[in-house]
Amino acid sequence: MRAHSLLALLVVSASLAHAQNAQISARVTDAQGMPVADAVVVAVPSDGKLRLPARALQDVVDQVDKEFVPKVQAVLIGTAVTFPNRDSVRHQVYSFSPARRFDLPLYSGVPQAVTFDKPGVVILGCNIHDWMVGYVYVSESPYFAKTDAQGKAVLLDLPPRAYVVRVWHPQQSGTEEDTRKTVDVSRAGRTEVAWTLTLKPEVRVRRAPAGGSHHGY
Ligand SMILES: [Cu+2]
């Protein structure tokens, strides 16, 4: 497709989306029927046409009381994420994940941003505090949301069409691909979709006793 016709298509689809948009309301529960928070719900248009924002986005994962906040951060591909340290001790945040390997030097305050330019899951750790685990979920689609404490997430402003919708959670026992559902939101309005995930127990590294830091950090 030539560049100018692609542009015309984008303009047409943008104006249609403006005229009438659709929503997907997702609900995620576990095998016991309890709500699952921190699940990322991603919708990809079935025709593969993704409209990404012209400008790269920015987001934040804080370190508060020696934990990542939020524990799961969902971002669009291309987003620059900063990792501000709100603690009085220093952190050294890294990831070995193939989607984005990085290693920030030991720091206080706000280090340089890390850009996430490949879709996938990036597991965060801290070289100083072994129990610190966080996740940056990098979505290839601009249509994503994270479930709240009630296990609910709403994807807003969807151009009306069919989507393949999937769910990711750090403890899910199956694969993200197994959760794929085709959801047709050709008509404006809200469509409800529910998933039941089987979750593995959370692997927790014991924290050092409060106030008992053996490090000089
Ligand atoms: Cu740390």
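**Why is it called that? Asking about a predicted protein model**

Q: How many aromatic pairs does a search of the whole structure find?
A: The search turns up 6 aromatic pairs. To count as a pair, two rings of Phe, Tyr or Trp (its six-membered ring) need centres within 6.5 Å; planes under 30 degrees apart make the pair stacked, over 60 edge-to-face, and the rest tilted.

Q: What makes the F102 and F116 pair stacked, tilted or edge-to-face?
A: The ring centres are 6.1 Å apart, so F102 and F116 do pair, and planes at 90 degrees make the pair edge-to-face. This pair links distant parts of the chain, with F102 in strand β9 and F116 in strand β10, 14 residues apart. A strand here is a DSSP run of E with at least two residues (helices are H or I runs of at least four), numbered from the N terminus. Both phenylalanines are buried, and together with F83 they form one aromatic cluster.

Q: And what kind of pair do Y137 and W168 make?
A: Here the centres are 5.4 Å apart and the planes at 40 degrees, so the pair is neither stacked nor edge-to-face but tilted. Again distant parts of the chain are linked: Y137 sits in strand β12 (residues 133-139) and W168 in strand β15 (residues 162-168), 31 residues apart.

Before going on, a word on the model: residues are numbered from 1 along each chain as its sequence is written. It's a predicted model, where local features need pLDDT of at least 70 and side-chain atom pairs count only at pLDDT 80 or more, while totals for chains, interfaces and linings use all residues; side-chain values use heavy atoms, leaving out hydrogens and water.

Q: How do you know whether Y137 and W168 are buried or exposed?
A: Check the relative accessible area: under 20% is buried, over 50% is exposed, and in between is partly exposed (1.4 Å probe, protein chains only). Y137 has 2%, so Y137 is buried, and W168 at 8% is therefore buried too.

Q: Which residues is S108 in contact with, leaving aside neighbours within four places in sequence?
A: They are N85 and R90. Contact means heavy atoms within 4.5 Å. N85 itself is found in the loop between β7 (79-82) and β8 (93-95), and its relative accessible area of 6% makes N85 buried. Apart from close sequence neighbours (within four places), the contacts of N85 include Q63, Y107 and H91.

Q: What makes a residue a donor of the copper ion, and which ones are donors?
A: Donors are N, O and S atoms within 2.8 Å of the metal (3.2 Å for Na, K and Ca), and water isn't among the atoms, so a site may look incomplete. H91 (ND1), C126 (SG) and H129 (ND1) coordinate the copper ion at 2.0 to 2.1 Å, so they pass. With relative accessible areas of 0% for H91 and 6% for H129, both are buried.

Q: What makes β13 and β16 edge strands?
A: They belong to an open sheet of 4 antiparallel strands, in the order β13-β2-β15-β16. Each of β13 (143-146) and β16 (181-184) has a single partner strand, so one side of each lacks a neighbour in the sheet.

Q: How do you know that β2 and β15 pair?
A: Pairing takes at least two DSSP bridges between two strands. Strand β2 (residues 40-45) and β15 have 6 bridges, in the antiparallel sense, so they qualify. In this pairing V40 stands opposite W168.

Q: How confident is the predictor on average?
A: The average pLDDT is 89, and 87% of the residues score at least 70. That score is the predictor's confidence in each residue, from 0 to 100. Over residues 11-17, though, the pLDDT is below 50.
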